[in-house]
Amino acid sequence: MRRVTDIFLVLFFLSITFTPHAHAYLDPGTGSYLIQLLIGGAVGGGFLIKTYWAALKERWSKLWKKKQPTQTSSDNHDSK
Amino acid sequence: MIPSNHPASFRDPSGFIFSENGTIYRQINHSYQHEFDMLINSGLYDRLVSEKLLIPHQDSTHAPLNDQGYKVIEPNKILCITYPYEWSFQMLKDAAMLTLKIQQIALEYNMSLKDASSYNVQFHQGKPIFIDTLSFEEYTEKPWVAYKQFCQHFLAPLALMAKVDLSLNKMLEFNLDGIPLQTAVAILPKTFTLRPSYLIHLFIHAYIQRLYSDSKKSSVDLNKAFSLTQMKGLIDSLTNATVKISLPNTQTEWGDYYANTNYGDDSFEEKKKILVQLLTSIEPGCVWDIGGNTGVFSLLAAEHHSLVLSSDIDPLAIDRMYSYIQKQHVQNVACFISDITNPSPGIGWMNKERSPLYERVSVDTILALALIHHLAISNNLPFDQIAYQFSLIAPQLIIEFVPKEDTQVQRLLTTRKDIFNQYSQESFEESFGKFYTISQSVAIPGTVRTLYKMVRRNLE
């Protein structure tokens, strides 16, 4: 899952083209600020997918557990 | 006594650290009142302290030192301040994970870290803990202001340590605000770019930094919002990148550090017994085990006495000791990497922002086991010099003399011309006798070595 998100992130980044236009004075810290704005959609999207996927898995495993026959204490006792 | 401001505490307008009569205080300025009250009133402080992630503090009755002061707090004391260039790989990694975890939790309380300096983390009672109570600000929908700092202070040095050389966190010693990403990517193997998270957070990050460092142009609106989900995604991505950095197996498969000694198990146990007896007779408050290796004797001292600092030149040995401390929940041992022949200097503004090692270490007893031959023979240090330096550090000394007949010394001499005519037990005792009174000496059975207990002369 994480791998897919990472690849999505790189592709997203590479798809961005820089079309420069005038802006205020920029320093090396600005690059760190910019990269976050550029990858924000991808990391945010990836995070949402990951969160929903985890929730879905948890729900599914709960449903699966419910469908399984529950072992009663008497069963346990008998098996001893 | 006049309070003195900490020489490293001048950059942050939110407040500063000062000390008085050995107690550390932190003044919080009115300019930070809103954020500090939010930290406390939101419940974030209680949550972080209860999870042992943030150093606890008490409100102090000490008056602020100037009219900018809102209040003064008294944080709990740290046993020994150490810096990231003195940490092992796992220590730096744990400090990075702590920083990210705190940011994750802070976001739940509508707050965010405004910096991610590795100097904001210390090791307290065996675990990393965040010490800068003034690093929190109200979250606004903006990119993480500490992102660059996190990459330079944690991600880049960790990658360099894991992929190039384990000692490269020493680069932090001459790069005060972390390793510049452009330097890091120039050294890192290019195969590292195959991993998307490192490609983005290190390589592309460095590229964009360079692209905009001397340009007045940007294609992106800097006022663009950065949503909470995006922020959480960024922290999640950094967490994954940090978790995945690990040492190659070849580096983590430690040999038995004590297997190559010239004495057997019985003698080793005898040495332990003698050491315990000597320590018990001294009852030290705080011991510094210099050249502590993986910490066998440091931990032994910790079992019988209160506080122990343990240092070694070998980063893997310290990594091993740190892992043991973590696993066994040892709370009274602090370990760090240090070459006693070249201890960390003062760095930064006026050479005072980060203190020299000897200013941070306050101990009453030195433990120098199987060390003297490395100092005297490997480093050509005269006995007088060693004794003088030790006497400046601590009033009590437990030291092991390893004579020339010892196979370990013979090993050191195999590739050296033996110019060490003065290396004898007699001249050792004579030199150390100038600075110390030798109060006890015990030969270790089954070896040619002797353990000494000494007390500094001027304290008699």
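Tutor: Two strands pair if DSSP finds at least two bridges between them. A strand is a DSSP run of E (at least two residues), a helix a run of H or I (at least four), and both are numbered from the N terminus. This is a predicted model: local features need pLDDT of at least 70, side-chain atom pairs count only at pLDDT 80 or more, and totals for chains, interfaces and linings use all residues. Residues are numbered from 1 along each chain as its sequence is written, while chains are lettered from A and ligands numbered from 1 in the order in which they are written.

Student: How do you know that S15 and S17 of chain B pair?

Tutor: Count the bridges. There are 6 between S15(B) (residues 396-401) and S17(B) (residues 450-456), and at least two are needed, so they pair. The two strands run antiparallel. B:Phe401 stands opposite B:Thr450 in S17(B). Helix H14(B) (383-393) packs on the sheet, touching S14, S15, S16 and S17 of chain B. Its direction makes about 140° with that of S14(B); such angles run from 0 to 180 degrees between N-to-C directions, with axes fitted to C-alpha atoms, for helices over the stretch in contact.

Student: What makes S13(B) and S16(B) edge strands?

Tutor: Look at the order of this open, mixed sheet of 7 strands: S13-S12-S11-S14-S15-S17-S16, in chain B. S13(B) (333-337) and S16(B) (436-443) each pair on one side only. Neighbouring strands are turned by 20° against each other on average, direction ignored.

Student: What joins S2(B) to S3(B)?

Tutor: Again, 6 bridges, and the strands run antiparallel. B:Phe18 has B:Tyr25 in S3(B) as its bridge partner. The two strands form a hairpin with 2 residues between them. B:Asn21, in the turn, has a positive phi of about 50°.

Student: Why are H3(B) and H7(B) called roughly antiparallel?

Tutor: Check the angle. The axes of H3(B) (residues 89-108) and H7(B) (residues 228-244) come within 10 Å and cross at roughly 165°. Angles over 145 degrees count as roughly antiparallel (under 35 roughly parallel, 65 to 115 roughly perpendicular, the rest oblique), so H3(B) is roughly antiparallel to H7(B). Contact means C-beta atoms, placed from the backbone, within 7 Å. Residues making it include B:Leu100 and B:Leu107 of H3(B) and B:Ile235 and B:Leu238 of H7(B).

Student: Why is B:Asn110 called partly exposed?

Tutor: Count C-beta atoms, placed from the backbone, within 10 Å of its own: 20 or more others means buried, 12 or fewer exposed, in between partly exposed. B:Asn110 has 13, so it is partly exposed. It sits in the loop between H3 and S6 (111-113) of chain B.

Student: Is B:Gln125 buried, exposed or partly exposed?

Tutor: Its count is 16, so B:Gln125 is partly exposed. B:Gln125 lies in the loop between S7 (121-124) and S8 (127-130) of chain B. Its phi is positive, about 50°, although it is not a glycine.

Student: What makes B:Thr140 exposed?

Tutor: B:Thr140 has 10 other C-beta atoms within 10 Å, so it is exposed. B:Thr140 lies in the loop between S9 (136-138) and H4 (147-163) of chain B. Its C-alpha atom is 8.4 Å from that of B:Ser112, 28 residues apart along the chain.

Terms used
Contact = placed C-beta atoms within 7 Å.
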